[in-house]
Amino acid sequence: MVPSQASGPRPRVFSGMQPSGEAHLGNYLGALRQWVRLQEDHECFFCIVDQHALTGDFSPEDLPKRVFDLAVSFLAAGLDPERSVIFVQSDVPAHTELAWLFNAVAPVGELERMTQYKDKSAKMESIPAGLLNYPILQAADILLYRAAAVPVGEDQLQHLELAREIARRWNARFGDVFPEPKPILGDAGRIVGLDGGAKMSKSMDNTVRILAEPDEVWSRVRTAVTDPQRVRRDDPGRPEVCNVYSLHRHFTDPARLPDIAGQCRAGTRGCVDCKRILAESIAEHFAPMRERAAALHADPARVHDILHSGAARARAEAETTMARVRDAMGLLWRNAVPTP
Ligand code: TRP
């Protein structure tokens, strides 16, 4: 028997993002931009995973704002609540319920082998169990909706492989409920931060908020590291290794790229000039999103409504899966023992 695919003509997609507040260039290039495109021909579930955030640094005072601001970024970037289900993880209790049930089949050995776990736990004196179990919750996120595919960055492939493993083990023991989700890898590769070294992230403070005003974009981009071999203004540069140039390729009009690269190689345009063009391209690219975000900030009730109805749709879908899961795992005991 083939595991039941989620119904509907469009393949179902699930992805999640931690609520780190407003999205930045790395979130946009690595995920959001692709999510917006996937909406065209997929049935998409996009989730703000606030419960995953509990395994890292967070404060109960800031978390709600981080969730709200990320929701605004989602909508401003073009996620469309008419076509996609946009919701917050903690609004759908079945995520944590299924994660617990997956504890029955998730292998601790595999959890301990996860690179992200090893990296994060290495620096800790006392490791919270949630850090180890993080990928179980992630598997529950995806499998709860019986998603066929998951857009992820390279760094999440290992977690997705574990979700597939959990699906296989669960299906083998309790019956075919979960399709094995396939990764959809983005085309952006690893997005390097403005420091030219680390992955772009808010915690490294090496990125730009997508909703930043043009002067803020400039003040951030101005600090970007370029080709380290180019010391003087008229030294020849190497666009192929320059991180600023790699950002040009995402944001600057493609017709201008040959000139920009050529002038860099010839040493006829300095890095500061080149960054100025990049800052303008970025600010221009996000102008319509800044407008949408401003409209949403002026009408927060709209954001609340969208997340509210997204959660209702997600809960309905989740309940269908959970009914089968509870039954298969022997948790519907009332149906199975004699009534008094
Ligand atoms: N772990 C993912 C990250 O840090 C976030 C995430 C949680 C996720 N649940 C998910 C991604 C389910 C894809 C699918 O990026």
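## Buried faces and packed helices

Strand E3 (residues 85-88) is covered on both faces: Val85 and Phe87 are buried on one side, Ile86 and Val88 on the other. Buried means under 20% relative accessible area, exposed over 50%, and partly exposed in between (1.4 Å probe, protein chains only). Helices (H or I, at least four residues) and strands (E, at least two) are DSSP runs, numbered from the N terminus. In a regular strand the side chains alternate between the two faces of the sheet.

This is a predicted model: local features need pLDDT of at least 70, side-chain atom pairs count only at pLDDT 80 or more, and totals for chains, interfaces and linings use all residues. Residues are numbered from 1 along each chain as its sequence is written, and side-chain values use heavy atoms, leaving out hydrogens and water.

E3 has a partner. Strand E2 (residues 43-48) runs parallel to E3, and four bridges join them. Two strands pair if DSSP finds at least two bridges between them. Phe45 stands opposite Val85 in E3.

Now the helices. The arc is that of the directions from the helix axis to the C-beta atoms.

| H9 (residues 214-221) | Val217, Trp218 and Val221 | 95 degrees |

An α-helix has 3.6 residues a turn, so residues three or four places apart point the same way. The buried residues of H9 pack against helix H12 (271-285). Contact here means heavy atoms within 4.5 Å.

Helix H4 (residues 94-102) packs on helix H7 (residues 129-144) at an angle of about 115 degrees, with their axes 8 Å apart. Axes are lines fitted to C-alpha atoms, for helices over the stretch in contact, and angles run from 0 to 180 degrees between N-to-C directions. Among the residues that meet are Leu98 and Phe102 in H4, and Ile136 and Leu143 in H7. The residues of this contact divide into 10 nonpolar, two polar and one charged. Ala, Val, Leu, Ile, Met, Phe, Trp, Tyr, Cys and Pro count as nonpolar, Asp, Glu, Lys and Arg as charged, and the others, Gly among them, as polar.

Ala224 lies between H9 and helix H10 (243-251). Ala224 is buried, with a relative accessible area of 8%. Leaving aside neighbours within four places in sequence, Ala224 is in contact with Leu194, Val244 and Lys275.
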